[in-house]
Amino acid sequence: MLQSLLSLAVTIFVFGLLIFIHEFGHYIVARAFGVGVIEFAIGMGPKIKTWKGKYNDFTIRAIPVGGFVNMVGEYDEEIPEEHQYKIPLNERAVWKRILIVIAGPFMNLLLAFAVMVALVASGNAVGTSIVAKFDENSISSEYGLQVNDEIIRVNGKKIHCHSDLSYKIMSDGIEPIDIVVIRDGKEITIENVRFGTMNDEGILFAAMDFYVYGEEKTVGNVLKDAFWQSVSTMYITFDSLVDTFTGRYGIDAVGGPVAVGGEIDQTIKNSDGIGEAVRSISTLVVMISVSLGIFNLLPIPVLDGGRLLFYIIEAIRRKPMNPKYEQAVSAVFTVLLLGLMAFVMLKDIAGLF
């Protein structure tokens, strides 16, 4: 019981942090541009706690998933009397509204980078892409890869950090791949390198069968590695999203808050001490934060990316979209998104039993 309560508390904290950071991005930029704010909410559904701020209300709502910043003139044409003196969102220049929209996803990506800096800085060394040694049953060494090879490209993808290397081999290595290395100061292309494969719940992956050297940490290489690890996480997230839509992973690979809660629970159970659990959960926070940032930028109405698309169209046309059309499209996609969320949640709950 104590384990379950701890996992629940950590899950709520993680989602609360991610939601707060996202909405704070919208909020702080809106305030900077003088846009009136009615409410800053964490959670959805009925209010369970409200604080009256100097400029707006701060609320905690019953369902700990999602949140919003209700800006004057954003949702309702009729502005409440107590907020009539505030500047509506739609009266600000379109470029300012664009910055307000993208500020939420940007803050999620910024959080991911900050956590990644902490993860890299707390590690024993900074990983490289230089082959140190092979596993006992290595296959790739039989196809031309050698110790001290510095891998700079895998299947055309430039390698900036260790996660680039491991992901590209895991993803593409189920088939023969081309690897470009620096060997004895020369650039060499090794064609048709093969790796062993493994099957994880019906999905085929390649197994990276070698280890790489680490280098001593400095402020410079920690920041550099954290940056490229964050960029790599964005690439992995986008690539995985494409693979899901194209059918490689299927609907079983799609998870929501319940699945994340289950992952956190397993992480806490399987970790050898608090330090390992914190590192594992922090890594999960990076992945979720990047996923949240990228997902919200998809050009789908009701998401930040949908609003961004409307603003870009407005900037090109030099006049706003018809509000009735925008509201109708948003309403349809709201229903579809809520349906998808309900389906994913039911699937995740069923997977617990």
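Modeller: A salt bridge is a side-chain nitrogen of Lys or Arg within 4 Å of a carboxyl oxygen of Asp or Glu. This is a predicted model, in which local features need pLDDT of at least 70 and side-chain atom pairs pLDDT 80 or more, while totals for chains, interfaces and linings use all residues. Residues are numbered from 1 along each chain as its sequence is written, and side-chain values use heavy atoms, without hydrogens or water.

Biologist: Which residue meets Arg-183 in a salt bridge?
Modeller: The N to O distance of this pair is 2.8 Å. Arg-183 lies in strand β6 and its partner in the loop between β3 and β4, so the contact ties together parts 34 residues apart in sequence. Strands (E, at least two residues) and helices (H or I, at least four) are DSSP runs numbered from the N terminus. The partner of Arg-183 is Asp-149.

Biologist: Are Arg-183 and Asp-149 buried or exposed?
Modeller: Buried means under 20% relative accessible area, exposed over 50%, and partly exposed in between (1.4 Å probe, protein chains only). By that rule, Arg-183 and Asp-149 are both buried.

Biologist: How far apart are the closest N and O atoms of Glu-39 and Arg-61?
Modeller: These two side chains form a salt bridge. The pair links distant parts of the chain, with Glu-39 in strand β1 and Arg-61 in strand β2, 22 residues apart. Glu-39 counts as buried because its relative accessibility is 7%, and Arg-61 is buried at 16%. The closest N and O atoms are separated by 2.9 Å.

Biologist: How many salt bridges are there?
Modeller: Another pair is Lys-157 with Asp-164, at 3.5 Å from N to O. Both of these residues are buried. The count of salt bridges comes to six.

Biologist: Which strand pairs with β6 over six bridges?
Modeller: Two strands pair if DSSP finds at least two bridges between them. Strand β4 (residues 150-154) and β6 pair in the antiparallel sense over four bridges, and Val-154 has Ile-179 of β6 as its bridge partner. The pairing over six bridges is also antiparallel, and in it Val-181 is partnered by Ile-188. That strand (residues 186-193) is β7.

Biologist: Which residue in the turn between β6 and β7 has a positive phi?
Modeller: Strand β6 covers residues 177-183, and five of its seven residues are buried. β6 and β7 form a hairpin with two residues between them. The residue with a phi of about 55° is Asp-184.

Biologist: How many aromatic pairs does the whole structure hold, and how is the pair of Phe-20 and Phe-24 classed?
Modeller: Rings of Phe, Tyr and Trp (its six-membered ring) pair if their centres lie within 6.5 Å; planes under 30 degrees apart are stacked, over 60 edge-to-face, the rest tilted. A search of the whole structure finds 10 aromatic pairs. The centres of Phe-20 and Phe-24 are 5.6 Å apart with planes at 20°, so the pair is stacked.

Biologist: Which helix holds Phe-20 and Phe-24?
Modeller: The two residues are four apart, about one turn of the helix. Phe-20 is partly exposed at 38%, as is Phe-24 at 29%. The helix (residues 2-32) is α1.

Biologist: What is the angle between the planes of Phe-134 and Phe-210?
Modeller: This aromatic pair is edge-to-face, 6.1 Å centre to centre. Phe-134 lies in strand β3 and Phe-210 in strand β10, so the pair ties together parts 76 residues apart in sequence. Phe-210 counts as buried because its relative accessibility is 3%. The angle between the planes is 70°.
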